[in-house]
Structure formats: structure tokens, C-alpha cells
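Welcome! Take a moment to look over the chain from one end to the other, and then let us walk through it together.

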Amino acid sequence: MSTAQRQNITQVINTYSKRLMGFIRKRVVRESDAEDILQDVFYQLIQTMKPIEEIGAWLFAVARNKITDQQRKHKPDLFSDIYNEAGDEDEIDWKEILFDNSNNPETEYLRSLFWEELNNSLQELPAEQRYVFILNELEGLSFKEIAQQTGETVNTLLSRKRYAVLHLRNKLRVLHDEILNY
């Protein structure tokens, strides 16, 4: 790379880095992700061999693509995350209780408590979050199918589901703690 090319790249980075970072920060959750994306954008700029006519538009398009790629890689929060995977002996295994086919009265009672709390917690959610959660988790529709039904973007649906899962996780954690401390 020649000295002139290095100076041009340095000038582009100095000119666009603040605006690009602000653009990226608005669209990602963590600061570290924003920094990584900005670095990837400038790395792609350095790797590009062909001339770029509208450098600003190109940089923002690349940033938008990197944000989309990062969001696709991010796995959405799952409702099953409320289940204990650590195997702690004091923990309740909700999967075992919910999917147990025995007619054990204690299991039946715990199952009814769970479903009652889940239903009550679902009713506390905004309608859009509740709808996405029910369609995805309880009815098994993919986000793509829900997006086609509702006309919303997949990212919007993922966000709504995430907020629903966080709310439900907190509510069911309270039930979990009450049962353990009984």
C-alpha cells in the first residue's frame, strides 16, 4: 500500500468514524459489538481493491450489513433458558414436571401452579410481545412465518420475544423461589 493510499484511508477513518459509530451504537446493544462492527467496516475498506465512488454511502451500507450479520449470529433468548442446566440438586427441573405423564398429585399441583403463573405473566405483557411469544414458543411458528403473518420484521419480532422471555423468566423465578423456600 502506497503512502497516498494510507493517507486516504486515514482521512476516511478520521472523517467517518464518529458518525459511523453513532449509527452502529443505535442499532446494537453492547458497546463492544459496536466497536467490533466499526473495526470490521474499516477492515473491509482496507481490503477493497476497487475504487469506491460514494465512500460515505458505501461505509454505511457495509455497517448496516455487518449489523445484520451480527444480529443473525445472535441467538434469541429462549424460554427454555429458565430451566436449570447446572444440575443443582436444590433446583426444580421444570421440564421434568411439565412433561411428566404420571398422575402424581404433587406433580399435577406444581404443573398447575406453573401454567397459572405463566398465564398470569403472559397477561401482564403488551399484546405484541404476548402474541409473538405464544406463536413462537407455544404454537411452534418460526419468526419468518410470524413475520409473514404480521408484516413485522424478524428483528422486531425477535426483540418482542426477548422482552417477553425476560419478563416471564423473572416471574417464573419468583414462583421457583417460593416453591423451594416453602
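Among contacts in the chain between residues at least 6 apart in sequence, what percentage join residues at least 24 apart? The figure is 58%, where contact means heavy atoms within 4.5 Å. Before going further, please keep in mind that this is a predicted model, in which local features need pLDDT of at least 70 and side-chain atom pairs count only at pLDDT 80 or more, while totals for chains, interfaces and linings use all residues. Residues are numbered from 1 along each chain as its sequence is written, and side-chain values use heavy atoms, with hydrogens and water left out.

Let us begin with the overall plan. The chain has eight helices and zero strands, counting DSSP runs numbered from the N terminus (H or I of at least four residues for helices, E of at least two for strands). Along the sequence, the pattern reads α-α-α-α-α-α-α-α. Of the 182 residues, 30% count as buried; buried means under 20% relative accessible area, exposed over 50%, and partly exposed in between, using a 1.4 Å probe and protein chains only.

Now look inside. A nonpolar core is a set of buried Ala, Val, Leu, Ile, Met, Phe, Trp, Tyr and Cys residues joined through side-chain atoms within 4.5 Å. The largest such core has 18 residues, and L20, I24, V41 and L59 touch the most other members. Two or more residues come from each of α1, α2 (31–47) and α3 (55–73). Leaving aside neighbours within four places in sequence, L20 is in contact with L38, V41, F42, L59, F60 and A63. A second, separate core of ten residues includes L125, V165, L172 and L175.

How do the helices meet? Two packed helices are described by the angle between their axes and the distance between the axes. Here, axes are lines fitted to C-alpha atoms, for helices over the stretch in contact, with angles from 0 to 180 degrees between N-to-C directions. The axes of α2 and α3 come within 9 Å and cross at roughly 130 degrees. That makes α2 oblique to α3, because angles under 35 degrees count as roughly parallel, over 145 as roughly antiparallel, 65 to 115 as roughly perpendicular and the rest as oblique. Residues making this contact include D33, V41 and L45 of α2 and W58, L59 and K66 of α3.

Y131, V132, L135 and N136 of α6 make the contact with F143, I146, Q149 and T150 of α7. Within α6, the buried residues are Q129, V132, F133, L135 and N136. The twelve residues of α6 (residues 127–138) should span 16 Å at 1.5 Å a residue, and the end C-alpha atoms, 15 Å apart, agree with this; the expected span is 1.5 Å times one less than the number of residues. Just after α6, G140 takes a positive phi of about 75 degrees.

Finally, visit two single residues. K18 is found in helix α1 (residues 3–25) and counts as exposed because its relative accessibility is 74%. I46, found in helix α2, is partly exposed, with a relative accessible area of 34%. The C-alpha atoms of I46 and I9, 37 residues apart along the chain, are separated by 7.3 Å.
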